[in-house]
Amino acid sequence: MKDSTNLHLKVQEMCDCYATNDPLKEMSKIQKDKDTDEAVVKWIALAVLHGINNNAEKITVQQDQDGAVTVMAKYKKTELPPPGSEIGGKIIKAIREIAHLDKSKDKSLLAIGFRNNSLELKVSASDKKGEATATIEFP
């Protein structure tokens, strides 16, 4: 039977599950996950939690033409543990899918609710010259 749960709900459930963990510690383990689809959802949830816990302005995931992925958080321009090429590319696609970002350059608001909390994030994505980028902005 196919799981009918959507990615948005899975991210919120994962936020709830990992709310008391250290997001950076958990993010550093993502590259080793065998189930890349679950790793994508887990990484997005951990990024949201890290952003909230550390008053980040935004977190950007970028994949270059060669498939290398970098992740930058803006508070004091800090590089976060990268999820690896395969998972990183899927993260960008998942953010596009969750927020319904269909154009090559698009942005939207995304409501995230977990543990009696809710917040509205600004998400954006762009594809240009073989590079894909997704950004989560925090209030």
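## Salt bridges

Five salt bridges are counted, a salt bridge being a side-chain nitrogen of Lys or Arg within 4 Å of a carboxyl oxygen of Asp or Glu. The model is predicted: local features need pLDDT of at least 70, side-chain atom pairs count only at pLDDT 80 or more, and totals for chains, interfaces and linings use all residues. Residues are numbered from 1 along each chain as its sequence is written, and side-chain values use heavy atoms, leaving out hydrogens and water.

One of the salt bridges joins Arg115 to Asp16, with the closest N and O atoms 3.0 Å apart. Arg115 lies in the loop between β4 and β5 and Asp16 in helix α1 (residues 7–18), so the pair ties together parts 99 residues apart in sequence. Helices (H or I, at least four residues) and strands (E, at least two) are DSSP runs, numbered from the N terminus.

Another salt bridge pairs Arg96 with Asp127, at 3.3 Å between the closest N and O atoms. Arg96 is in helix α4 and Asp127 in strand β5, 31 residues apart. Arg96 is buried at 12% relative accessibility, while Asp127 is partly exposed at 38%; buried means under 20% relative accessible area, exposed over 50%, and partly exposed in between (1.4 Å probe, protein chains only).

## The sheet

Six strands form an open sheet in the order β3-β2-β1-β6-β5-β4, with antiparallel pairing; two strands pair if DSSP finds at least two bridges between them. The edge strands are β3 (78–79) and β4 (105–114).

## Cysteines

The structure has zero disulfides, a disulfide being a pair of cysteine sulfur atoms within 2.5 Å. The sulfur of Cys15 is 10 Å from the closest cysteine sulfur, in Cys17, which is too far for a bond.
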